[in-house]
Amino acid sequence: MVTIPRLVIAAPASGSGKTTVATGLMAAFAERGLAMSPHKVGPDYIDPGYHSLATGRAGRNLDAYMCGPELVAPLFAHGARGCDLAIVEGVMGLYDGASGKGELASTAHVAKLLQAPVVLVVDASSQSRSVAALVHGFASWDPQVRISGVILNKVGSDRHEMLLREALDESGVPVMGVLRRAEQVATPSRHLGLVPVAERRGDAVAAVAAMAAQVRSGCDLDALMALARSAPRTPAASGAWDPVEAVRQAGGGRDAEGEGGPRRGRPVVAVAGGPAFTFSYAEHSELLAAAGADVVTFDPLRDEVLPEGTRGLVIGGGFPEVYAPELSANEPLRKAVADLAAAGAPLAAECAGLLYLSRSLDGLPMCGVLDADGRMSKRLTLGYREAVALTDSPLAAVGTRLRGHEFHRTVLEPGAGASPAWGMHLPERRVEGFVQQGVHASYLHTHWASAPGVARRFVGRSAV
């Protein structure tokens with residue numbers, strides 16, 4: 001058991017500046033030579049990209065809904081192994097969790113699971129003395145949540161800062177930073193949130209540098225480090241999560257490994273990346289490798305062939321609708337993907353991957369693996385889901401239950417094939433996705449750390 005200095009960066013509501021502060025702190029401490037471990041509460045894929053840019057390490061998610069509360073501390077310890085400091089960016093408001101599930105998957109829930117001190121980022125742009133009532137309310141709501149500091153964001157002037165500090169003197173929660181309004185730290189958004197790092201690399205580097213400069217000049221980094229070091233021993237009773245051990249414990253029978261498990265050496269599993277496919281969890285590739293695969297990343301925007309020797313293909317989420325013309329124009333790769341599917345190789349596709357495998361997206365030809373057409377819509381589909389596998393596939397046997405997350409503004413017609421991938425139980429009952437030959441395609445994002453048998457099964461099918 002080790003002690004990992006750690007802080008949770010939370011806020012009363014979305015839009016308060018958590019990403020700016022968390023990313024800026026990561027970068028500012030990294031500039032001091034500290035090995036930083038970046039984390040994000042919830043299923044979000046985009047913020048971890050900025051965290052990774054700030055720290056040089058993979059940004060990792062801590063999702064108590066998809067992975068279960070029991071895995072939060074082990075996954076945290078796995079990501080933070082060998083680091084000097086861990087920063088955990090919260091999600092939404094501090095106490096906002098999975099709809100209808102109380103505190104489950106909220107920032108407060110994760111902070112309690114990690115026994116981590118919380119720093120509250122408050123948008124002070126439209127208040128003065130009222131800030132003390134707000135902070136007092138959040139600090140007293142749950143005595144098990146240790147709110148140990150406040151960072152005031154969007155402060156307008158020296159006088160405004162003075163009024164805020166005077167008010168907070170009465171709250172008992174120390175002010176650990178004051179940030180003025182700064183346009184240069186803004187990151188552009190579109191229909192699903194921030195624009196991912198991979199799409200604006202140069203501008204993203206500049207934005208992260210500006211965040212670091214703002215935090216460095218406006219926050220008491222020494223006090224924040226002392227607060228992080230006050231955290232107790234990391235509460236992972238079973239130790240850090242380990243992908244090799246997770247795969248081993250998933251079982252070694254034929255059901256877990258497909259047709260008898262990996263054979264003929266290590267099969268190549270290609271994983272889509274690049275600007276169009278930026279949504280992935282680091283643990284997925286780690287589990288695939290632990291299950292016996294050679295994991296190779298490729299970019300469907302630029303690569304005209306799949307990696308040499310590809311035996312399995314994983315296409316995660318992202319923004320294919322933004323890059324539909326370029327994806328469609330890469331006809332050689334579209335044909336290679338279609339040929340791989342026709343040969344019966346295992347293909348796992350989530351959300352963006354589902355659209356890429358469809359016949360068309362916004363009228364432009366895609367891979368044509370699925371007899372379905374995708375288009376942009378005005379409706380945002382967002383939320384956690386409970387799902388059960390309805391068809392045997394390279395990912396799961398019939399009856400396998402998983403929790404996942406949907407996040408898209410596209411529609412696929414039809415939404416399910418003759419052999420659907422999932423039966424959904426939240427928020428309403430419906431069938432969704434496609435299973436045909438070796439293809440499993442769905443809008444549902446899943447976190448394989450909660451079900452490592454998925455990776456073992458997929459690699460087993462890739463090696464057949």
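A: Let's start with a term: a helix here is a DSSP run of H or I covering at least four residues, and helices are numbered from the N terminus. Keep in mind that this is a predicted model.

Q: Is Leu-327 buried or exposed, and how do I tell?

A: You look at relative accessible area: under 20% is buried, over 50% is exposed, and anything in between is partly exposed. Leu-327 has 0% relative accessibility, so it counts as buried.

Q: Which residues does Leu-327 touch?

A: Leaving out residues up to four places away in sequence, Leu-327 touches Ala-276, Phe-277, Pro-300, Leu-301, Pro-320, Arg-334, Tyr-356 and Met-366.

Q: And how many Å separate the C-alpha atoms of Leu-327 and Ser-14?

A: They are separated by 33 Å, and the two residues are 313 apart along the chain. Now try another pair: Asp-44 and Phe-279 are 235 residues apart along the chain, yet their C-alpha atoms are separated by 8.6 Å.

Q: Where does Asp-44 lie, then?

A: Look in the loop between strand E2 (36–41) and helix H2 (46–55). With a relative accessible area of 21%, Asp-44 is partly exposed.

Q: Let's take a whole helix. What should I know about how helices turn?

A: An α-helix has 3.6 residues a turn, so residues three or four places apart point the same way. For a case here, take H3, residues 69–80: its 12 residues reach 18 Å from the first C-alpha to the last, close to the 16 Å expected at 1.5 Å a residue.

Q: How many residues of H3 are buried?

A: H3 is mostly covered, with 10 of its 12 residues buried. Among them are Leu-71, Val-72, Leu-75, Phe-76 and His-78.

Q: What does Glu-283 touch?

A: Not counting residues up to four places away in sequence, Glu-283 touches Leu-75, and also Arg-60, Trp-241 and His-447. Glu-283 itself lies in helix H11, residues 282–290, and it is buried at a relative accessible area of 1%.

Q: Strands next. Which strand is His-440 found in?

A: His-440 is in strand E21, residues 439–442. At 4% relative accessibility, His-440 counts as buried. Its contacts beyond four places in sequence include Leu-347, Ser-393, Pro-394, Trp-422 and Phe-434.

Q: Zooming out, how many helices and strands are there in the chain?

A: You'll find 15 helices and 22 strands. The chain's radius of gyration is 23 Å, close to the 23 Å that the globule rule gives for 464 residues, so the chain is as compact as a globular protein of that length. Along the principal axes, the C-alpha atoms fill a box of roughly 70 × 45 × 45 Å.

Q: What percentage of the 464 residues is buried?

A: Buried residues make up 59% of them. As for contacts between residues at least 6 apart in sequence, 76% join residues at least 24 apart.

Q: Last one: how many positive and negative side chains does the chain have?

A: It has 44 positive and 47 negative side chains, and the centres of the two sets lie 3 Å apart.

Notes: Residues numbered from 1 in each chain as written. Predicted model: local features only at pLDDT ≥ 70, side-chain atom pairs only at ≥ 80, totals over all residues. Heavy atoms only, no water. Helix = DSSP H or I, 4+ residues; strand = E, 2+ residues; numbered from the N terminus. Expected span 1.5 Å × (residues − 1). Buried < 20%, exposed > 50% of the residue type's maximum accessible area, 1.4 Å probe, protein only. Rg over C-alpha atoms; globule rule 2.2 N^0.38 Å. Contact = heavy atoms within 4.5 Å. Lys, Arg positive; Asp, Glu negative; His and termini not counted. Charge placed at Lys NZ, Arg CZ, Asp CG, Glu CD.
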